[in-house]
Amino acid sequence: MALNKQCSAQEAIAGLRDGMTIGIGGWGPRRKPMALLREILRSPLKDLTVVSYGGPDVGMLCAAGKVRRLIFAFVTLDAIPLEPYYRKARESGAIEVMELDEGMFEWGLRAAGMRMSFLPTRVGLASDVLTRNPQLKTIASPYEDGEVYVAMPALQLDAALLHVNEADRLGNTLLRGADLFFDHLYARAAQQVIVSTEVLHERLELSAEQARHNAFERYLVQQVVHAPGGAHPTYLGPDYGWDLEHLKRYNASASEDGGWQRYCEEFVQPGEATYQQKIGGAERLAKLKQPVF
Amino acid sequence: MTAATLAELMAVAASEAWRDNGELLASGITTLPRLGASLAKLTHSPELLMTDSEAYLVSEPVPLGPRGDYQPRYEGYLGFERVFECVWGGKRHAMIGPTQIDRWGQTNLSVVGPYERPKSAVLGVRGLPGNSICHANSFFVPNHSPRVFVSGEVDMVSGVGYQPQRWSAGMKHDYVDLRLIVTDLCVLDFLGPDKWAGRGIRVRSLHPGVSFEQVQAATGFELARAPNLGETPLPTAEQLAIIRKLDPHNLRGAVIKNDPPAVRSAA
């Protein structure tokens, strides 16, 4: 048994392959594994199928030309409703899409986690989600009601990337924010889970109350990356809020000539340590207030 | 107290969507629908459930924007996973602002223009397919125009409606329940002569100074007219006081262009 799953972000991302289906935890600009994302941006990985309740993770991967296909229900930065690089990629036809209802998306992850080929749901019927995704089939109830449902296929992930508040080297994790979102389901749907963590412990020693923040079992986790500030510029409750100033700058870069190139040169290419310095380090993170909704 | 603005009148009109709904989750998404839901809970419908718009149920609607010393009054938990379960169980009435609405009540929040290379990518279908097929829904339109109320079908049917060609045998539409559309010109409902024939949307009340003809001209399909078509009521002093307390930073002032008064001729 590998009792120490710690590795560097570089090592973890080096294990991924072109063409993989990658699930990204979090929701919009909330608890996104951005340090792992930046590592992907620095890597030669390409032709990815990205599965995400999308925020800047999707935007940046689109901007960098890493996305062949996007499986999604929305892409947004919340305070900035429209994600600029997703829009560019979508409007230019640069990416294939499988556009789903938020709940169908959850159902797909659940089906994968339960090793089912599909789960039935009423959601999606009579909408263009079905007409735009002819691979989605319906199924009739075998009981006397005979109702017709969507057979939402499993969304099987080659890998899932998640950012957590705390973890240990064994792969035990704590999510202490107000909402799990669907990170636990990504973990179950994936062949391989890479977790980045704000705080890394040798071994977690918890009270029963603290242990309730453990959302999925360590046997699901293959790699643990220590990445303080690793969700920046997204919101990591209760540790830090989103960095609206940074998100505004990122957003503005999309309307400048060579804007993405410059953003990358400044924030992505120099590496994570420089990134954290540039954004102002732990001091800046501590000043980022929790967003008010 | 200064005279009511159009945004305040619309918040009051929105609050009517949640009257006599019983005990369910009231989800008003974005400023005015949220003010409407909050006003409903604080006045005629205290039985409504609301969240802090993040993850907790609150016994009192939380004010909009930075809260200063205000402490939310938590009464329970409703993270996203449980919101979805609430949706599927039908105990919710949401009001959202779609990009397009058609005569069958179908809504679009995904893309405008051809699907493969859209003129404008908006958010994505989000939860509209699920909301629309599971529970009551109302809509909010801050810019009533034929670009929103389109003449044909919406470009990407995200929220489903009363369009018979979209429903095949065995598909259950019993839970599709479209209620009100609050716009900057009027309040519409779905009680027109034949909603399954694209003739369900009906003008229920006109905002002060707006004519039926004006609304019709700003709509891409034929509207029905309520027999007792009247004027959308102005906010009462009590309602105004509640709205202003719920929105201390006047976020509502930025919703409608130039923040006009409720009685437009008074401008």
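In chain B of this predicted model, the buried residues of helix H1 pack against helix H2 (31–42), strands S5 (92–96), S10 (136–141), S11 (177–183) and S12 (186–189), and helix H6 (237–246). Helices (H or I, at least four residues) and strands (E, at least two) are DSSP runs numbered from the N terminus, and contact means heavy atoms within 4.5 Å. H1(B) spans residues 6–15, and ten of its ten residues are buried, so the helix is largely enclosed by the rest of the structure. Buried stands for under 20% relative accessible area, exposed for over 50%, and partly exposed for what lies in between (1.4 Å probe, protein chains only). Among the buried residues are B:Leu6, B:Leu9, B:Met10 and B:Val12, together with B:Glu8 and B:Ser15.

Residues are numbered from 1 along each chain as its sequence is written, while chains are lettered from A and ligands numbered from 1 in the order in which they are written. Local features need pLDDT of at least 70 and side-chain atom pairs count only at pLDDT 80 or more, whereas totals for chains, interfaces and linings use all residues; side-chain values use heavy atoms, with hydrogens and water left out.

From H5(A), A:Glu102, A:Gly103, A:Glu106, A:Trp107 and A:Arg110 meet B:Glu81, B:Phe84, B:Glu85 and B:Trp88 of H3(B). By class, this contact has three nonpolar, one polar and five charged residues; Ala, Val, Leu, Ile, Met, Phe, Trp, Tyr, Cys and Pro count as nonpolar, Asp, Glu, Lys and Arg as charged, and the others, Gly among them, as polar.

Two loop residues complete the picture. A:Arg30, in the loop between strand S1 (21–24) and helix H2 (34–42) of chain A, counts as buried at 7% relative accessibility. Leaving aside residues up to four places away in sequence, A:Arg30 touches residues including A:Phe181, A:Trp242, B:Glu54 and B:Phe80. B:Glu116, in the loop between strands S8 (111–112) and S9 (120–121) of chain B, is exposed, with a relative accessible area of 58%.
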